[in-house]
Amino acid sequence: MEKRRNATIDFIRIIASILVIAIHTTNGIIAETIGRWAVPFFMVVTGYFYFLNPNHDRLIHIIKNLLALWLVWMVVYIPNGIYSLMGLGVKQIISKLIWSIIGFSVFYVGSWYLPAAAFGIWVVDYLNKRQLPKKLTGSIFIIFRLCIFKLCWFSFRKTFNDSLV
């Protein structure tokens, strides 16, 4: 099967990628408000491309790729994790390592995205097989929009308040 590109999605991906970089490197109002739609956009695009041709083998392939990439990044960031654990007690180290397993990595702050995408696509596929998305689409959209609004609003307030000080 020939892979076709979607120029519109590719263009928005470029903008979203720049915004993700801005979120992680600046404190500007644009990065903290408009930029907050970039990560959810990537989640939606992952689901969109999966559901163009959903099947079990493809689902497993995508999840394996996401988790393999996550594992590689965890290995790359081991020095950062070791540095962040220096000076902590044994209980604190064990606690941080346990939290690292479920996505709050001591090694890399952005590590939540890849396991979340893998889990999210599995959940959506599971619900899709049971015809639940057709019943929940409106609710899911409203929740999605509220989450984006919350992220943008609180980020804007924090950025605006910080600029006043």
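**Is the crossing of α1 and α3 left-handed or right-handed?** The crossing of α1 and α3 is left-handed, where left-handed means that the near helix is turned anticlockwise from the far one by less than a right angle, and right-handed means clockwise. Before the close-ups, a word on the source: this is a predicted model, in which local features need pLDDT of at least 70, side-chain atom pairs count only at pLDDT 80 or more, and totals for chains, interfaces and linings use all residues. Residues are numbered from 1 along each chain as its sequence is written, and side-chain values use heavy atoms, with hydrogens and water left out.

**View 1. The whole chain is built from helices.** The chain has 8 helices and 0 strands, and from the N terminus on its elements run α-α-α-α-α-α-α-α. Helices here are DSSP runs of H or I with at least four residues, strands are runs of E with at least two, and both are numbered from the N terminus. Of the 165 residues, 24% count as buried; that label means under 20% relative accessible area, while exposed means over 50% and partly exposed is in between, with a 1.4 Å probe and protein chains only. Take the contacts (heavy atoms within 4.5 Å) between residues at least 6 apart in sequence: 69% of them join residues at least 24 apart.

**View 2. Helix α1 meets helix α3.** Back to the pair from the opening question: the axes of helix α1 (residues 7–25) and α3 come within 9 Å and cross at roughly 145°. Axes are lines fitted to C-alpha atoms, for helices over the stretch in contact, and angles run from 0 to 180 degrees between N-to-C directions. On the α1 side, look for I9, I12, R13, A16, S17, L19 and V20; on the α3 side, for A38, V39, F41, F42, V45, Y48 and F49. These contact residues divide into 12 nonpolar, 1 polar and 1 charged. For that tally, Ala, Val, Leu, Ile, Met, Phe, Trp, Tyr, Cys and Pro count as nonpolar, Asp, Glu, Lys and Arg as charged, and the others, Gly among them, as polar.

**View 3. Helix α4 lies against helix α7.** Helix α4 (residues 56–76) and helix α7 (residues 113–129) pack at about 165°, and their axes are 8 Å apart. That makes the two roughly antiparallel: the word is used for angles over 145 degrees, with under 35 as roughly parallel, 65 to 115 as roughly perpendicular and the rest as oblique. The crossing of α4 and α7 is left-handed. From α4 come L59, I62, I63, L66, L67, L69 and W70, and they meet L114, P115, A117, A118, I121, W122 and D125 in α7. The residues of this contact come to 13 nonpolar, no polar and 1 charged.

**View 4. Helix α3 crosses helix α7.** The axes of α3 and α7 come within 10 Å and cross at roughly 45°, so the two helices are oblique to each other. Their crossing is right-handed. V39, F42, M43, T46, G47 and Y50 of α3 make the contact with Y113, A116, A117, I121 and D125 of α7.

View 5. M43 sits in helix α3 (residues 38–50) and counts as partly exposed, at 27% relative accessibility. Leaving aside residues up to four places away in sequence, M43 touches W112, Y113, A116 and A117. M43 and A118 are 75 residues apart along the chain, and their C-alpha atoms are separated by 9.7 Å. D125, found in helix α7, is buried at 4% relative accessibility.

**View 6. Aromatic rings pair up.** The structure holds 7 aromatic pairs. Rings of Phe, Tyr and Trp (its six-membered ring) pair if their centres lie within 6.5 Å; planes under 30 degrees apart count as stacked, over 60 as edge-to-face and the rest as tilted. F41 and F42 make an edge-to-face pair, 5.6 Å centre to centre with 65° between the planes. The rings of W73 and Y77 have centres 5.6 Å apart and planes at 35°, so this pair is tilted. F41 is buried at 15% relative accessibility, while W73 is partly exposed at 37% and Y77 is partly exposed at 25%. W37, F41 and F42 form one aromatic cluster.
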